[in-house]
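Subject: Two-chain model, handover and findings

Hello,

Here is the structure I said I would pass on. My notes follow it.

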Amino acid sequence: MKYLSEYRDRDLVQQYLRQIHVVTTHPWTVMEICGGQTHSLVKNGILEMLPKQITMVHGPGCPVCVTPLGIIDEAIELALRQNVILCSFGDMLRVPGSSKSLLEAKAMGGDVRIVYSPLQAVKLAQDNPDKEVVFFAVGFETTAPANALSVVHAQKMGVSNYSILASHVLVPPAMEAILSDPESKIDAFLAAGHVCTIMGLYEYFPIAEKYRVPIVVTGFEPVDLLQGILMAVTQLERGEAKVENQYARVVQREGNKLAQETIHQVFDVSDRAWRGIGSIPASGYEVNEVYKHYNARTKFQLAMKDVPENSTCISGAIMKGLKKPFQCSNFGTKCKPEHPLGAPMVSSEGACAAYYAYANESNVSLQET
Amino acid sequence: MTLYCPMPQMDFDVITMGHGSGGLLTHRLLQSGVFDLFKNDHLDQQHDGAIFNLSGPVAFSTDSYVISPIFFRGGNIGELAVNGSVNDLAMCGAIPKFLSLAFILEEGLRMEEFWEILVSIKTASEVAGVQIVTGDTKVVEKGKGDKIFINTSGIGVIHPQANISFNRVKPGDKIIVSGNIATHGVAILSQRKGLEFETSMESDTAPLNGIVKNLLDTIGTDVHFMRDPTRGGVATVMNEMTGQCKLGIDLTQKDIPTLEEVDGACEMLGLDPLYVANEGIFISVIKATRADEALQTLRQHPLGRNAAIIGEVTAQHAGQVVLTSKIGGRRVVNYLTGEQLPRIC
């Protein structure tokens, strides 16, 4: 497939692997931020092809995983209301809240619909004027512009029975939270290509400088990831700490200005709780005062409850890169994709779920047979 | 596949509760819609069941069809219901003979749609060489169904050279897929409400009894196992095999045939083709020394032109399916938890 197969080329992969082996002389710990990158590393079997000195740790960049239980409970509460159609992207449906998931709410009679774009939800609101349509707006900076645009569009079209339940999280504050942890062992980051497509590179310069950490904006295909790792390790070996852009075919330095303007038109930056990590100041988006009629929390007077996580789950340590999924005693036993105890097992892009689905045969004993 | 067959005069434009009452409306619907259309010696008896002779071992299988949308590019629910049971029998090494056919109709189903489905069933059963010999029709209130649900059960006589069983799978056996994977699932998804994307992709639903018969005629008992990877796709069948046989399976990703359009759609939706549903293909496990001959036999049939050896059975990593990715990395292919759901980003 043009524009994809080139980045999955076996010879090119081998070439990059050889170069990585040549430049690596010290042990390094590199965190890939995005769940899509984790998924690709594990799915393509890249982790075991890397030199032993390189440890990849899997960051918190899975929006489904880091959505707090309290927000999922809000969505479920809305879905079970008589006059509400709750729209969501598919992978949020399976995630359990404190007592049930949206899939179970649907089975109990809640009107829950999978949509592929928030504009579809606006259309649904137009088609169902006697119902309230709520879109569960989950994601990082990547999905924020489209979700913001749906609100702008609804207002423009005079659609008043549409609102969003925002659960947006931001990457740079999470990186800082991880780096500020005294236990942090992260030497370099692969930043998330899609997030940077929207936001550009500027937010990352101060982080690289303050924490003396190389940050390489990286794509998602095997060649992208290996090139990103090579760039990060090369910097580390030279003692550099720069922001570099591996994903230059997509990411521009200033990002997508129009998308950024749309975000700021509708959202304010707010403090946010991250499942498995805790509260991080100024790490999320909430619908601003101007568009408050499109904020489901205001419209339905929801009060998010602080729901405690399972106490034996070590997801915080996993998402900060302090532990690997296999180091958790619940992994594959009490905690499985069908019964996740914590954030990284809930979505296929979470580190634990990726390990569970694709772990190699040396980990046979940890897999179900 | 369509056959021109004019719809007989019906009393109503849509199915009503009366059509399931057992009274006159039911009688008229069955007479013109079923008995006249599927006419054969067994059905003509209009008995409570069919009576027939069979000799030797037989296979018996049943399946229900609840697909949405009921009409899709490349077929409809009726054709699927015939091919599904025919294929299940073929996977047992049987030559399908007779089918039962039961409908659960939702009040309000348009008579034209029902007729088109009936005609497809007739055509599909003729292509597959099976007779519909008994059946049932029920009607449920609007909102209690999804237009039409179909159940078919089938009986077939085991091919004289067939010996198909999990127990016969041995280390070294080759795994052959008879055609491109994931075509049906992606064709259906592309027409789901809210997800329509432009593609000319058609479902590959087809009766596999012809191609299976060729394979068994040529390779005989060296065909150790067969399975059609419908729901759950190729990955699920492979996992069922490793679970049952207590052996491992090695798959080679670059050898697994897919249409480029299917790859593209799966990329866009975040789906893995290995878990996408199939219809007109099957997986066979063949003794290593006969694998090339089996491949050639399959490729000579129109439904097997894209057949490929995609892996082999191994005594290593028992109970696990391990895939060598296109770039040469290795990873486990596990069961999927629930349905594949499109991702956020």
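Before the first item, one convention: a helix axis is a line fitted to C-alpha atoms over the stretch in contact, and angles run from 0 to 180 degrees between N-to-C directions. Please also keep in mind that this is a predicted model.

Helix pair in chain A

Helix H2 (residues 35–43) of chain A packs with helix H15 (residues 351–358) of chain A at an angle of about 20 degrees, and their axes are 10 Å apart. Angles under 35 degrees count as roughly parallel, and H2(A) and H15(A) are therefore roughly parallel to each other. Their crossing is right-handed. H2(A) brings A:Thr38, A:His39, A:Val42 and A:Lys43 to the contact, and H15(A) brings A:Ala351, A:Ala354, A:Tyr355 and A:Tyr358. By class, the contact of H2(A) with H15(A) has five nonpolar residues, two polar and one charged.

Domains of chain A

In the contact between them, 28 residues of domain 1 of chain A meet 21 residues of domain 2 of chain A. On the side of domain 1 that touches domain 2, two or more residues come from each of H2, helix H3 (63–66) and helix H14 (315–319) of chain A. H2(A) has the largest share of that side, six residues.

Sheet in chain A

Chain A has an open sheet of six strands in the order S4-S3-S5-S6-S11-S10, with mixed pairing. Strand S4 (111–114) and strand S10 (267–274) of chain A are at the edges with a single partner strand each, so one side of each has no neighbour in the sheet. Direction ignored, neighbouring strands of this sheet are turned by 25 degrees against each other on average. Inside the order, strand S5 (residues 132–139) and strand S6 (residues 162–169) of chain A pair in the parallel sense over seven bridges. A:Gly139 stands opposite A:His168 in S6(A). Helix H8 (residues 171–180) of chain A packs on the sheet and touches S10 and strand S11 (278–287) of chain A; the direction of H8(A) makes about 175 degrees with that of S11(A).

Sheet in chain B

The sheet in chain B is open, with four strands in the order S1-S6-S4-S5 and mixed pairing. Here strand S1 (58–65) and strand S5 (131–140) of chain B are the edge strands, each with a single partner strand, so one side of each is left without a neighbour in the sheet. The twist from one strand to the next averages 15 degrees. Strand S4 (residues 94–106) of chain B runs parallel to S5(B), and nine bridges join them. B:Leu105 stands opposite B:Val139 in S5(B).

Two helices go with this sheet. Helix H3 (residues 77–91) of chain B lies across S1, S4 and strand S6 (148–158) of chain B, at about 30 degrees to S6(B). Helix H4 (residues 111–128) of chain B packs on the sheet, where H4(B) touches S4, S5 and S6 of chain B, and its direction makes about 175 degrees with that of S4(B).

Domains of chain B

For chain B the assignment gives domain 1 (17–158) and domain 2 (166–333). Their C-alpha centres lie 28 Å apart. The contact involves 19 residues of domain 1 of chain B and 20 residues of domain 2 of chain B. H3, S4 and H4 of chain B are the elements that give two or more residues to the side of domain 1 that touches domain 2. H3(B) supplies the largest share of that side, seven residues. By class, the side of domain 1 of chain B that touches domain 2 has twelve nonpolar, five polar and two charged residues.

Contact between the chains

Chain B contributes 27 residues to the contact and chain A contributes 39 residues. On the side of chain B that touches chain A, helix H8 (260–269) and strand S13 (330–333) of chain B each supply at least two residues. H8(B) gives the most to that side, with four residues. The residues of the side of chain B that touches chain A divide into eight nonpolar, twelve polar and seven charged.

Regards

Methods
Residues are numbered from 1 along each chain as its sequence is written. Chains are lettered from A and ligands numbered from 1 in the order in which they are written. This is a predicted model: local features need pLDDT of at least 70, side-chain atom pairs count only at pLDDT 80 or more; totals for chains, interfaces and linings use all residues. Two residues are in contact if their C-beta atoms, placed from the backbone, lie within 7 Å. Ala, Val, Leu, Ile, Met, Phe, Trp, Tyr, Cys and Pro count as nonpolar, Asp, Glu, Lys and Arg as charged, and the others, Gly among them, as polar. Angles under 35 degrees count as roughly parallel, over 145 as roughly antiparallel, 65 to 115 as roughly perpendicular and the rest as oblique. A crossing is left-handed if the near helix is turned anticlockwise from the far one by less than a right angle, and right-handed if clockwise. Two strands pair if DSSP finds at least two bridges between them. Domain bounds come from an automatic or database domain assignment.
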